[in-house]
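Me: I'm new to this structure and would like to learn how to read it. Could we go through it together, one feature at a time?

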Amino acid sequence: MASATDLAGNEGTDQLTFAALADTTAPTLALDIEPRTVAIGDSVILTVNATDDIGVTATSLDIDGSPVTLDANGRAVYTPPALGEYVAIARAEDATGNVTSVTELFQVADPASDTTPPTVVLTAP
């Protein structure tokens with residue numbers, strides 16, 4: 001409540017009531033991986049994109065449980081060390097502690113061991 005008095009002794013008061021609403025909305029998060037399949041020795045590009053109505057305070061990326069550094073644009077270049085499937089987990093947090101995570105997979109294949117031709121199916125529009 002606020003009040004003011006002028007030189008003539010007149011007094012005026014006013015009051016403002018407001019309620020603070022808790023932020024219960026977690027950030028929106030996307031993890032893009034290009035390409036999804038690479039040959040041994042090749043790299044994948046992983047991009048973490050996070051938005052929030054209040055603001056994103058932290059993003060992170062783990063591959064098979066190990067942290068991977070993201071650049072200022074939320075991007076990482078990763079060269080898998082061996083053949084197989086890899087699990088990438090991106091995480092975003094906002095200022096009030098709401099957290100979102102996304103899990104995506106990518107794989108490393110040996111082109112020399114792939115002897116099966118692709119299947120092609122034509123369909124009419």
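Me: Leaving aside its neighbours within four places in sequence, which residues is A4 in contact with?

Reply: Contact means heavy atoms within 4.5 Å. By that rule, A4 touches N10, E11 and G12, once neighbours within four places in sequence are set aside. This is a predicted model, where local features need pLDDT of at least 70 and side-chain atom pairs count only at pLDDT 80 or more, while totals for chains, interfaces and linings use all residues. Residues are numbered from 1 along each chain as its sequence is written, and side-chain values use heavy atoms, with hydrogens and water left out.

Me: Is A4 buried, exposed or partly exposed?

Reply: Buried means under 20% relative accessible area, exposed over 50%, and partly exposed in between (1.4 Å probe, protein chains only). A4 has 48% relative accessibility, so it counts as partly exposed.

Me: And what does the side chain of D94 reach?

Reply: The side chain of D94 comes to 2.9 Å from the backbone nitrogen of N98. Apart from residues up to four places away in sequence, D94 also touches others, including D23, T25 and P27.

Me: In what order do the five strands of the open sheet come?

Reply: Strands are DSSP runs of E, at least two residues, numbered from the N terminus, and two of them pair if DSSP finds at least two bridges between them. Here the order is 4-10-9-6-7, with mixed pairing. Strand 4 (37–39) and strand 7 (66–68) are at the edges with a single partner strand each, so one side of each has no neighbour in the sheet.

Me: How many bridges join strand 4 to strand 10?

Reply: Three, and these two strands run parallel. For V38, the bridge partner in strand 10 is V108.

Note on methods. Polar contact = N/O pair within 3.5 Å; in protein donor to acceptor, adjacent residues only side chain to side chain. Helix = DSSP H or I, 4+ residues; strand = E, 2+ residues; numbered from the N terminus.
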